[in-house]
Amino acid sequence: MTPRDLLAALPCLALALATLGYLAVCVVAPFGRCGTCDGTGRKRSPLTRAGRECRRCAGTGLRLRVGRHVINHIKDEYEAGNR
Ligand SMILES: [Zn+2]
């Protein structure tokens with residue numbers, strides 16, 4: 001293995017580490033801040049100044065991370081296959 005081979009394998013290793021790190025974050029903290037209301041749970045109407053409950057997060061200010069959706073789907077499929 002030459003140093004050039006190691007240099008070529010570096011992006012693959014970095015991508016794998018980033019993926020595993022994101023999945024670890026999804027396991028430890030499944031909810032992220034809602035991007036629509038910035039985690040406040042309320043959204044200001046553009047016409048009136050009255051604030052309304054954010055529809056995306058239902059006023060919680062949290063949303064399930066995409067990676068956690070994937071983990072939950074894989075878990076559900078695994079459990080459905082083992083009934
Ligand atoms: Zn929201």
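The expected span of a helix is 1.5 Å times one less than its number of residues. Helices here are DSSP runs of H or I with at least four residues, strands are runs of E with at least two, and both are numbered from the N terminus.

Before I go on, this is a predicted model: local features need pLDDT of at least 70, side-chain atom pairs count only at pLDDT 80 or more, and totals for chains, interfaces and linings use all residues. Residues are numbered from 1 along each chain as its sequence is written.

Start with helix 2. Its 16 residues reach 23 Å from first C-alpha to last, close to the 22 Å expected at 1.5 Å a residue. How many of its residues are buried, meaning 20 or more other C-beta atoms, placed from the backbone, within 10 Å of their own? The count is zero, and helix 2 is hardly covered.

Now its partner. Helix 1, residues 3-28, packs against helix 2, residues 66-81, at about 80°, with the axes 9 Å apart. Axes are lines fitted to C-alpha atoms over the stretch in contact, and angles run from 0 to 180 degrees between N-to-C directions. The two helices are therefore roughly perpendicular, a term for angles of 65 to 115 degrees. Helix 1 brings Tyr22, Leu23 and Cys26 to the contact, and helix 2 brings Gly67, Arg68 and Ile71; contact means C-beta atoms, placed from the backbone, within 7 Å.

Last, Arg44, in strand 2, residues 42-44. Arg44 counts as exposed because it has 12 C-beta neighbours inside 10 Å, and the cut-off is 12 or fewer. Leaving out residues up to four places away in sequence, Arg44 touches Arg49 and Gly51.

Methods:
Parallel < 35°, antiparallel > 145°, perpendicular 65-115°, else oblique. Contact = placed C-beta atoms within 7 Å.
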